Amino acid sequence: MGGSPRETPGHTEDRGPRTGGRRPRRRGVVAALAALTGATALGACSVPAPRRAGPTADPAPGIPITSSRRAQLMQIAAHPDDDLYFMNPDARRMLDAGVPLVTVYVTAGEHDGRNHIPGRKGTPADKSAYSSARHQGLRQAYATMLGLDVFASWQKGVVTLRGGRRAEINTITNGNRRVELVFLNLSMHAPRRWMALPSLWKDRALGLRTVVADDSPVRKADDYDYDRLIDVLVGLMEQYRPTVIHTLDPDPDIQHSDEKTRKKDSEQPGYSDHADHTAVACFSWAAMVRWVADATKDGGAIPAFVTTSFRGYYNRHWPKNLPPQVLQEKASHLVPYGGDPSWQCGNSAGCGDYSVGGRRPLTNKKGWVRATHYRYPDAGPVVTTGRDGRLTAYGVLGLRAVRWRETEGGSGRWGAPDDLGGGPLAPGLGAAALPDGRQLLFGLRFAALGGHGGANRREIVVLEQRSPGGPFRAWAGLGNPERGDDRGRRLGVPVAVTGGDGRIHLFVRNADKGVSSRVRDTDGAWGPWRDLGGEEVQDGLSAAVDSAGRVHLFAAGREGVHHWSQDATGSPVVFRADSALPLSGDPVAVATTPTGDLELYYRAPAAKELLAVRVDGAAPSRVQLDGHGPVGAAATPKGPVLLGKDADGRMLLRDGDRLSTRTRGAVAVEAATLHLGRDGALAIGLGADAHPWTWAPEARTES
């Protein structure tokens, strides 16, 4: 978050529309894009050299991957409290499982230097003191998160970073759990650059000074520029070797608000987030790209890590998805962070960020704490079964597509990952199988990621098998449905499905928060991008084929779940304006019932109960799978098998009347995949060690 739940004025991270009102939706086919992104684009690997100074790894496959299997979580936040507001409960779940945590705070969070005490006026400005008070609030929050006294003693020290810069580091442990907080402390504001971090991302010549916080062991300010900040972040990644990296949102939604509303929501002009969040997320992604590039030059190996990017002020605009138990836990960590001026914490500069304490996170009308949304919702690894009975899982590791294979069929144990290249990719792959069994994988690629006036471009890419179970062709580009790089950055994670006629339907959320689609014909030729129209929706699209072979698409919107479908096999997918379904707080799951109908499974906003919702408009029914977050569903002749998480983040699997809970093994990162094998239902996911795990409740096995 910014200085506090107050307006932090500044400039947009990318120049966007500044007028109120919603931009008209583009519903027709864009002829220019058709010419640029037609079937001829598949003739070669679409991985253009980025127009920036920073290196990028070779996108070709076959680079070795290295991993110690030692889990380590790294979070990169713009301000003190971004992690508490936006990255929980995920971080807390990993910490509870014994995963060591290091959080890097890029700015000092000093804002105007006023640590506002609710009910009092005339707070004096002291940027060094306010920065120190926010640091103390973090120490209080993480001490209580570890089960320690709020004023537990921390080890405070100085770490020397790349380039000789120095930063304060705070460390605390409790048993096998360890937390480290690294404060880079760059100034939020600079002369003639009110929003300093966004300006640093844009202007390579700009330099920023750090803020020396009161009571810090660092007593001298440092200078940063664009390259030095990326270099410091890369150095920290190399030092800690994280297996999971949490970032903020590098490409927030376009948001058209009048100026009064925008200031009230503390958002940058034109976009639904704080400008510092966007800039730090871009620096974080640029650092990950450079880390992989540096590691793989001269024949080196790819570092094995997975990434989750979290939405920020986006939470203000969409249904809240945390049920009461999870919300209360998340909000409780902000209470010690906010602290109180009457506390005797031992920090002379202050005992927290006073405007955030007490019940204020819950009463704040912006509602940031009431949701946790992923920028790139990942439905879990893509899982297939080979001719030899072994499972194959596909995912994104080290910003690249990878493939894992079971060591033996049915063993539940996974071999080392094979690099399939294609990076840098956003988390999550879409997939579809051709009628002959060949696999297609789809990704959202950072085709260019450069500040200081460099290109910042995204594209959808595809990887196609040459033969069933065989090797893959080169990555090919499918372009972007949007005009211009800025709009193109807003794309969502690709989702694909094979229709009853053998054609592949590819869907992505677009810059208008609607849905765009391309269709691959049975001869391999791709049609143009087409805007499907309809209402605004969240990312996390769900596609399915009904018993008649017709393609259906579902997505959670602001006022209900929206539906697109074919009238008949082979006809266009169109929006069903008259079929809005009850509201969901998360992406929805869909499966076919024993009678051949489609049924959706999801939770209403802020609810723990799981609903089964029929597409025909019948009244929803409750399913015994209380918890939080989206679920997976698979059809069987006896009815659906369902996979989700309970309020504590443990995996749940319901198969008929039997409910199983996963109680051991690596903590799950985001969602897991539900797979129906020859021996029953399996859950397959990625752990915090960046390695697949398998859970087979029937056999009580887990690897």
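Modeller: Happy to! Let's start with D222, which sits in the loop between β7 (208–209) and β8 (223–224); helices (H or I, at least four residues) and strands (E, at least two) are DSSP runs, numbered from the N terminus. Before going on, a word on the source: this is a predicted model, where local features need pLDDT of at least 70 and side-chain atom pairs count only at pLDDT 80 or more, while totals for chains, interfaces and linings use all residues. Residues are numbered from 1 along each chain as its sequence is written, and side-chain values use heavy atoms, with hydrogens and water left out.

Back at D222, the residue is buried but has no salt bridge. Buried means under 20% relative accessible area, with exposed over 50% and partly exposed in between (1.4 Å probe, protein chains only). A salt bridge is a side-chain nitrogen of Lys or Arg within 4 Å of a carboxyl oxygen of Asp or Glu. For D222, the nearest side chain of opposite charge is R165, 5.5 Å away; Lys and Arg count as positive and Asp and Glu as negative, with His and the chain ends not counted. What the side chain of D222 does reach is the backbone nitrogen of R166, at 2.9 Å. That is a polar contact: a pair of N or O atoms within 3.5 Å, where within protein one must be able to donate a hydrogen and the other to accept it, and residues adjacent in sequence count only if both atoms are side-chain atoms.

R489 is another buried charged residue to look at, with a relative accessible area of 2%. You will find R489 in the loop between α12 (485–488) and β20 (495–498). The side chain of R489 makes a polar contact with the side chain of D251 at 2.6 Å, and a polar atom of the R489 side chain lies 2.7 Å from the backbone oxygen of P250.

Now for the cysteines. A disulfide is a pair of cysteine sulfur atoms within 2.5 Å, and by this rule the count comes to one. C345 and C351 form that link, with their sulfur atoms 2.0 Å apart. The link is left-handed, at -85 degrees about the S-S bond, and both C345 and C351 are buried. C282 also counts as buried, at 0% relative accessibility.
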